[in-house]
Amino acid sequence: MEAASHGRYNRMHNTTPMRAFALTLTLLSPALYGAVEFNRDVRPILADKCYNCHATDAAAKKIPLRLDSEAAAKADLGGRRAIVEGDPGASQMIRRITSENKAQRMPPVYSGLKLTAAEIETLRQWVAEGAKWQKHWSFIPPVRPPLPAVKNAAWPRNPIDAFVLQKLERERLQPSPEAGRETLLRRVSLDLTGLPPTLAEMDAFLNDKSADAYPKAVDRLLASPRYGERMAERWLDAARYADTNGYQYDAERFMWRWRDWVIESFNRNQPFDQFTLEQIAGDMLPGATLEQKIATGFNRNHRANTEDGIIPEEYAVEYVVDRVETTSTVFMGVTLGCARCHNHKYDPFTQKEFYQVFSYFNNVP
């Protein structure tokens with residue numbers, strides 16, 4: 001939901017930086033894009049193959065090297081360093097993962113883990129390029145990447161096409177033939193509304209020979225109430241919306257006003273920052289409207305136990321914990337849940353910070 005001034009048709013055809021960034025992460029590998037990116041290419045390898053020993057449990061296992069923070073990964077290990085920026089040959093990590101000696105090679109054989117040749121090359125290239133570290137992806141503003149060079153420069157119609165074509169050319173594949181107009185309308189209708197086009201809509205589209213027939217079809221779909229319903233589906237799931245309370249009795253609840261608020265927010269193209277603000281604290285805004293107060297129903301979507309034998313204080317805590325975990329997951333792109341019991345092993349959160357957020361929600365009657 002970009003700002004309304006962007007225009008709805010432009011949202012479908014001129015990819016936003018966020019959308020282009022996300023698709024780039026999906027399509028590209030280091031060899032395709034050039035420079036290796038820590039979050040996209042390196043962190044997943046370390047997490048899958050190294051963190052079992054070289055992360056927060058390292059001290060308990062009496063292992064001096066940690067790879068879950070830049071300072072620890074590049075620290076002096078008594079005259080040696082696991083990662084020497086720009087010098088794979090002097091980096092103990094590269095030496096160990098490429099060692100011919102099975103007793104020295106990492107990951108150790110007994111772990112059952114093994115680096116592929118592509119993963120080893122990614123790590124080597126990353127170190128050679130300076131071993132640049134990155135914060136967690138959710139703390140980095142998205143940046144529009146430069147368009148890749150392609151041979152068939154006439155084929156791309158928008159920036160995403162250039163990335164798709166680059167991958168096709170790398171694999172020595174040709175683009176598929178353009179879909180027929182019937183298929184095109186069916187795809188965009190299902191994508192934007194979740195419903196196939198009616199026969200009347202299909203006939204009108206096929207009979208429209210104007211150059212802007214497709215943009216007009218997109219505008220019609222974006223103006224449909226079904227668009228908001230389609231877009232709201234995943235948001236309702238993420239916010240744990242339900243029409244019943246959960247737990248044993250699973251009694252009926254009435255949260256449909258908040259559900260309708262979400263649908264209407266998509267349909268009126270509400271800017272995402274306002275969408276966020278009103279759900280977290282709409283009732284605290286100066287002169288809050290009824291709609292802004294309804295928006296805070298986001299915080300009341302947690303399960304509610306009405307069993308006679310429950311301990312009220314226990315479930316009050318459970319409700320607050322649910323709010324903390326859901327709010328962090330939905331709005332921050334990270335999970336605070338692990339920090340309920342201990343400092344987070346991978347994300348930059350402490351147990352103390354979990355309960356600082358907890359205390360905020362614990363002030364809600």
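Modeller: The structure holds 17 aromatic pairs, where rings of Phe, Tyr and Trp (its six-membered ring) pair if their centres lie within 6.5 Å; planes under 30 degrees apart count as stacked, over 60 as edge-to-face and the rest as tilted. This is a predicted model, in which local features need pLDDT of at least 70 and side-chain atom pairs count only at pLDDT 80 or more, while totals for chains, interfaces and linings use all residues. Residues are numbered from 1 along each chain as its sequence is written, and side-chain values use heavy atoms, with hydrogens and water left out.

One aromatic cluster is formed by Trp235, Trp261, Phe266, Phe272, Phe275, Phe298 and Phe331. Phe298 also has a charged neighbour, for Arg240 lies over its face at 5.6 Å from the ring centre. A charge sits over a ring if NZ of Lys or CZ of Arg is within 6 Å of the ring centre and within 35 degrees of the ring normal. Likewise, the charged end of Arg181 sits over the ring of Phe205, 4.3 Å from its centre.

Two loop residues deserve attention next. Asn269 is found in the loop between helix 13 and helix 14 (272-281); helices (H or I, at least four residues) and strands (E, at least two) are DSSP runs, numbered from the N terminus. Asn269 has a positive phi of about 60° although it is not a glycine. Its relative accessibility is 4%, so Asn269 counts as buried; buried means under 20% relative accessible area, exposed over 50%, and partly exposed in between (1.4 Å probe, protein chains only). Tyr247, in the loop between helix 12 (225-238) and helix 13 (256-267), also is not a glycine and has a positive phi of about 60°. Tyr247 counts as partly exposed because its relative accessibility is 26%.

Turning to the nonpolar residues, the largest nonpolar core has 22 residues, and those with the most contacts inside it include Leu46, Met93 and Trp126. Such a core is a set of buried Ala, Val, Leu, Ile, Met, Phe, Trp, Tyr and Cys residues joined through side-chain atoms within 4.5 Å. Its largest share, 4 residues, comes from helix 4. Met93 touches Leu46, Leu67, Ala82, Ile83, Leu123, Trp126 and Val127, not counting residues up to four places away in sequence; contact means heavy atoms within 4.5 Å. A second, separate core of 16 residues includes Ala232, Trp258, Trp261 and Ile294. Trp261 belongs to the aromatic cluster as well.
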